[in-house]
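The exercises below are meant to be worked through with the sequence and the structure side by side. Each task is followed by a solution that goes step by step.

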Amino acid sequence: MGRGNLTALKVAALSTPGRYGDGGGLYLQVAKGGTKSWLFRFMLDGRSRQMGLGPVELVTLANARERAIEARRLLLDGIDPIEARDATREARRAEKASAVTFKEAGTRYIATHRAGWKNAVHVRQWEQTLDTFANPIMGSVSVADVNVGMVLKVLEPIWTDKHETASRLRGRLEAILDWSTARGYRKGDN
């Protein structure tokens, strides 16, 4: 099949279930229920693969052709377009997750664990130590960017005068950072 076999009118008119080629690996897929979507079919390492490009309602024929061209360019460089798309999505998720500030992470940690704590005093102690000592220094910093230097900046001024408070605060900071790592808000060790 040559390229450009489909037109916007043909796309709108097609209703019989099946795949209709536009050329260059781009297909219009019409499902039994009548829904239509774009599909890019390709071969990589001897395997036939197919990648969804989106529904016809959101992706026009011209957009589908552009997406297919982008996928073919990746293939030309030996890159799997499905893996590249997934990596881009994961990077966006990570970027969005890293937008969580330390203060937000602390608030979420407390909310998650509140039910398991013995009394309201314990909750207040957590909130007060974080608000008094940690949040002024690193509350507005992305939890992904909190480092040892920031933690030391929080703890060192109170370590000798308020050792018990500093020790408890160190444990609380560690718990929040561990919790944040488990949820994908940050990476690496504390």
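**Exercise 1.** At what angle do helix α4 (residues 102–113) and helix α7 (residues 163–182) pack, and how far apart are their axes?

Solution. Begin with the axes of the two helices in this predicted model: α4 and α7 pack at an angle of about 90°, and their axes are 10 Å apart. That angle makes α4 roughly perpendicular to α7, since angles from 65 to 115 degrees are counted in that class. Next, look for the residues that meet: on the α4 side they are Phe102, Ala105, Gly106, Arg108, Tyr109, Thr112 and His113, and on the α7 side Leu173, Ala175, Ile176, Leu177, Trp179 and Ser180. Finally, sort the residues of the contact of α4 with α7 by class, which gives eight nonpolar, four polar and one charged.

**Exercise 2.** Describe how helix α5 (residues 120–138) is placed against α7, and then how α5 is placed against α4.

Solution. Take α7 as the partner to begin with: the axes of α5 and α7 come within 10 Å and cross at roughly 80°, and the two helices are therefore roughly perpendicular to each other. From α5, the residues Gln125, Trp126, Thr129, Leu130, Phe133, Ala134 and Met138 take part, and they meet Thr165, Leu169, Arg172, Leu173, Ala175 and Ile176 in α7. By class, this contact of α5 with α7 has nine nonpolar, three polar and one charged residues.

Now turn to α4, whose axis comes within 10 Å of that of α5 and crosses it at roughly 170°. The two are therefore roughly antiparallel to each other, as an angle over 145 degrees is counted in that way. The contact is made by Phe102, Lys103, Gly106, Tyr109 and Ile110 of α4, together with Val123, Trp126, Glu127, Leu130, Ala134, Asn135 and Met138 of α5. The contact of α4 with α5 has eight nonpolar, two polar and two charged residues.

**Exercise 3.** Is Leu130 buried or exposed, and which residues does Leu130 touch?

Solution. Locate Leu130 in helix α5, and then consider its relative accessible area, which is 4%, so that Leu130 is buried. Leaving aside residues up to four places away in sequence, Leu130 touches Phe102, Gly106, Ile110, Asn135, Pro136, Leu169, Leu173 and Ile176.

**Exercise 4.** Where does Asp45 lie, and is Asp45 buried or exposed?

Solution. Asp45 lies in the loop between β3 (36–44) and β4 (47–55). With a relative accessible area of 75%, Asp45 is exposed.

**Exercise 5.** What does the secondary structure of the protein chain come to, and how spread out is the chain?

Solution. Count the elements to find seven helices and four strands, which from the N terminus on run α-β-β-β-β-α-α-α-α-α-α. The radius of gyration is 26 Å, well over the 16 Å that the globule rule gives for 190 residues, so the protein chain is more spread out than a compact globule. The C-alpha atoms fill a box of roughly 80 × 35 × 25 Å along the principal axes. To finish, note that buried residues make up 32% of the 190 residues.

How values were computed: Residues numbered from 1 in each chain as written. Predicted model: local features only at pLDDT ≥ 70, side-chain atom pairs only at ≥ 80, totals over all residues. Heavy atoms only, no water. Axes fitted to C-alpha atoms, helices over the stretch in contact; angles between N-to-C directions. Parallel < 35°, antiparallel > 145°, perpendicular 65-115°, else oblique. Contact = heavy atoms within 4.5 Å. Nonpolar A, V, L, I, M, F, W, Y, C, P; charged D, E, K, R; others polar. Rg over C-alpha atoms; globule rule 2.2 N^0.38 Å. Buried < 20%, exposed > 50% of the residue type's maximum accessible area, 1.4 Å probe, protein only.
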